[in-house]
Amino acid sequence: MQRKKEEKRKTILDAAEKLIAEDGFRDMTMDQVAKDADVAKGTVYLYFKNKNSLCAAVNARINKELNQVIKEKMDLYQTGLEKVVASGTATVEFCLKNMQKWKAITELYQMKFKDPEDPNVKEFLYEVNNMVQMMANGYRQGIKEGTIREDLDPVPTAIFNRMAFSNAITPTTEQNMLLKMNNINMQHYAGVAGELIGRSTRK
């Protein structure tokens with residue numbers, strides 16, 4: 001019975017992730033999720049109390065997958081600076097290999113999660129904080145080794161650089177227009193962003 005519940009929940013999450021990536025979370029409806037998951041609308045509400053909770057669950061699941069990729073990449077390196085760089089490299093690789101997931105997760109950056117006590121919102125925040133702490137540990141190690149500036153505060157630096165790098169590889173409409181106007185391709189733009197982030201932290 002528990003396995004069937006988990007499979008049903010996964011089916012609902014799969015449908016929601018696809019709809020968010022294709023249409024955006026604002027246009028996604030619980031009716032459409034139920035239809036695409038081939039379940040009754042009431043079944044969706046058995047697992048998720050509302051659309052906000054469902055979106056948080058999708059976000060948590062993708063971030064959990066991304067965290068695993070980042071951890072595996074960081075574990076390949078020894079120094080703190082290398083680990084910090086690896087976290088960014090892993091994020092880019094995840095984006096390129098999982099375009100639907102990346103479209104969904106970047107779309108959900110705009111969503112305001114209104115109920116901090118919702119279990120799915122808590123799980124989402126837990127996974128995002130895991131990523132931040134992995135990066136912060138890399139900064140702490142680099143500071144001790146003398147390869148990263150000792151005046152940096154690891155946690156806020158990790159939070160800022162995580163969002164800055166995500167924005168660099170998924171630019172806004174305005175950024176895309178400016179890049180096109182100035183004949184700058186995305187690969188070059190992401191490279192410049194990565195170098196700026198690296199220079200701001202290296203000793």
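**Cysteines, salt bridges and pockets**

Modeller: The sulfur of C55 lies 20 Å from the closest cysteine sulfur, that of C95, which is too far for a bond. The model is a predicted one, in which local features need pLDDT of at least 70 and side-chain atom pairs count only at pLDDT 80 or more, while totals for chains, interfaces and linings use all residues. Residues are numbered from 1 along each chain as its sequence is written, and side-chain values use heavy atoms, with hydrogens and water left out.

Colleague: How many disulfides does a search of the whole structure find?

Modeller: A disulfide is a covalent bond between the sulfur atoms of two cysteines; the criterion here is a pair of cysteine sulfur atoms within 2.5 Å. C95 is in no disulfide, the nearest cysteine sulfur, that of C55, being 20 Å away. The search of the whole structure gives a count of zero.

Colleague: Is C55 buried or exposed?

Modeller: Buried means under 20% relative accessible area, exposed over 50%, and partly exposed in between, with a 1.4 Å probe and protein chains only. C95, with a relative accessible area of 8%, is buried. C55 has 0% relative accessibility, and therefore counts as buried.

Colleague: Which residue forms a salt bridge with R61?

Modeller: A salt bridge is a side-chain nitrogen of Lys or Arg within 4 Å of a carboxyl oxygen of Asp or Glu, and the structure holds 17 of these. For R61, the closest N and O atoms of the pair are 3.2 Å apart.

Colleague: Why does K49, the partner of D115 in a salt bridge, count as partly exposed?

Modeller: The closest N and O atoms of D115 and K49 are 2.7 Å apart. D115 is in the loop between helix 6 and helix 7, and K49 in the loop between helix 3 (41-47) and helix 4. D115 counts as partly exposed at 27% relative accessibility; K49 counts as partly exposed because its relative accessibility is 49%.

Colleague: Which helix supplies the largest share of the lining of the largest pocket?

Modeller: On a 1 Å grid over the protein atoms alone, a pocket is an open set of points where a 1.4 Å probe fits, with protein on both sides within 12 Å along at least five of seven lines; lining residues have an atom within 4 Å of a point. The volume, the space filled by probe spheres set on points joined across faces, edges and corners, is about 580 Å³ for the largest pocket. Of its 32 lining residues, the closest to the centre are G88, T89, V92, F165 and G194. The largest share of the lining, 10 residues, comes from helix 5.

Colleague: How many charged residues are in the lining of the second largest pocket?

Modeller: The second largest pocket holds about 420 Å³ of space, and among its 19 lining residues K103, T106, E107, T170 and P171 are the closest to its centre. Ala, Val, Leu, Ile, Met, Phe, Trp, Tyr, Cys and Pro count as nonpolar, Asp, Glu, Lys and Arg as charged, and the others, Gly among them, as polar. By class, 10 are nonpolar and seven polar, and the charged residues number two.

Note on methods:
Helix = DSSP H or I, 4+ residues; strand = E, 2+ residues; numbered from the N terminus.
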